[in-house]
Amino acid sequence: MDRLWTHARLATMTGDGLGIVEDGAIACRDGRIAYVGPASRAPDAAETIDCAGRWITPGLIDCHTHLVHAGNRSSEWAMRLAGVSYEEIARAGGGIVATMRATRAADEAALVAAALPRLDALLAEGVTTIEIKSGYGLTLDDELKMLRAARALEGERAVRVAATLLGAHALPPEYAGRADAYVDLVSEAMIPAAVGLADAVDAFCEGIGFSPAQTERVFRAARTAGLPVKLHAEQLSALHGASLAAAYGALSADHLEHADEADVRAMAEAGTVAVLLPGAYYFMRETQKPPVDLLRRHGVAIALATDCNPGTSPTTSLLLMLNMGATLFGLTVEEALRGVTVHAARALGLGGEIGTLEAGKACDLVLWDISEPADLVYRIGFNPLSARVKDGRCC
Ligand code: DI6
Ligand code: FE
């Protein structure tokens, strides 16, 4: 064995709860977990780290972000504080289109440079895998540029990136009144060109985004290209995009504030993960909460993510999302912690690779200076990280 972390309290996230192992150990070889279990039965290793009773969780997974983008929209937020609505700003040419203009003007290197401080903030809190969407380029070249910038971050930091094509994020001005023609561009040009660069395809199924029929055209093109799908669904209204996503075997349906029992039942049958985004709910001062009780009753896996984006969720704190998931949406400590580990991994189709402390998976760990796992959900604005490990190496 290359390295052994011993005398630790493990929250493996296996089973249905936290999968706790008191006085446990984790050994790795070639970046993979080779042993998880009692310290008393741990194998020898070239390097041994005595964790002195510290807690170890799987590396945290932020499964829904718009981390790569250019520009700044704090001035729009000041307008929203003065009573101008998100929709009014969008109709006046601000919102996503404002970020689109800045992102089109930025080259790949500038997008990487702009994303790095946001990425570093997430890594400092123990994130080892991050999902990053395109969606602010809205032309073939600019969407591919965004996906390349997302991928390039893996060369800049010790992080795994899952890249998602979100060409169907908003209608660019040059396609005003021609939404179906833009959906042609997404379906017939962007998706085929993104094969090999994107790991999944997403869309914004909403009144101010794309209709279920247009979303389905995007899904059909993704299926033809062999790419899995996920969906921004039921964020602002009930269009039943979540049911459509489930019908296409989506990895996840995200937001879900307006999802109903039919949507939840469809998600349960398809194994589609519910990704809840409390940062957007909070920042937009929404009042409609996602149907957590329905999700529980039907056994839908719940994940949590930052939705890091300049318009509705300008946060780079996944730990804060843990607290908001519990405080705002009523998640339990176990649900919140599983939401940024094992369930977040499933939302990215990476359940066999990351998300739990099990032999054979990537050795992505976080050591925490906490007394109990609940400390990670309870505290607001406090980071008890002791060490972050990616592929068996401290980073
Ligand atoms: N839903 C959201 O909350 C973000 N995108 C989406 O589909 C908003 C993105 C932005 O305002 O820049
Ligand atoms: Fe989003």
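Four donors count as tetrahedral if all angles lie between 85 and 135 degrees, four as square planar and six as octahedral if opposite donors are over 155 degrees apart and all others between 65 and 115, and anything else is irregular. With that in hand, let's look at the iron ion (ligand 2): the angles among its four donor atoms run from 83 to 169°, and its site is irregular. This is a predicted model, in which local features need pLDDT of at least 70. Residues are numbered from 1 along each chain, and side-chain values use heavy atoms, without hydrogens and water.

Which protein residues are the donors of the iron ion? They are His 64 (NE2), His 66 (NE2), His 232 (NE2) and Asp 307 (OD), at 2.1 to 2.3 Å; donors are N, O and S atoms within 2.8 Å of the metal (3.2 Å for Na, K and Ca), and since water is not among the atoms, sites may look incomplete. His 66 lies in the loop between strand E6 (60-62) and helix H1 (74-81) and His 232 in strand E10 (residues 230-233), so the pair ties together parts that are 166 residues apart in sequence. Helices (H or I, at least four residues) and strands (E, at least two) are DSSP runs, numbered from the N terminus.

Now to the sheet. Eight strands form an open sheet with parallel pairing, in the order E6-E7-E8-E9-E10-E11-E12-E13; two strands pair if DSSP finds at least two bridges between them. E6 and strand E13 (302-304) are at the edges with a single partner strand each, so one side of each has no neighbour in the sheet. Further in, three bridges join the parallel strands E8 (residues 160-168) and E9 (residues 200-205).

Technical notes: Chains lettered and ligands numbered in written order. Predicted model: local features only at pLDDT ≥ 70, side-chain atom pairs only at ≥ 80, totals over all residues.
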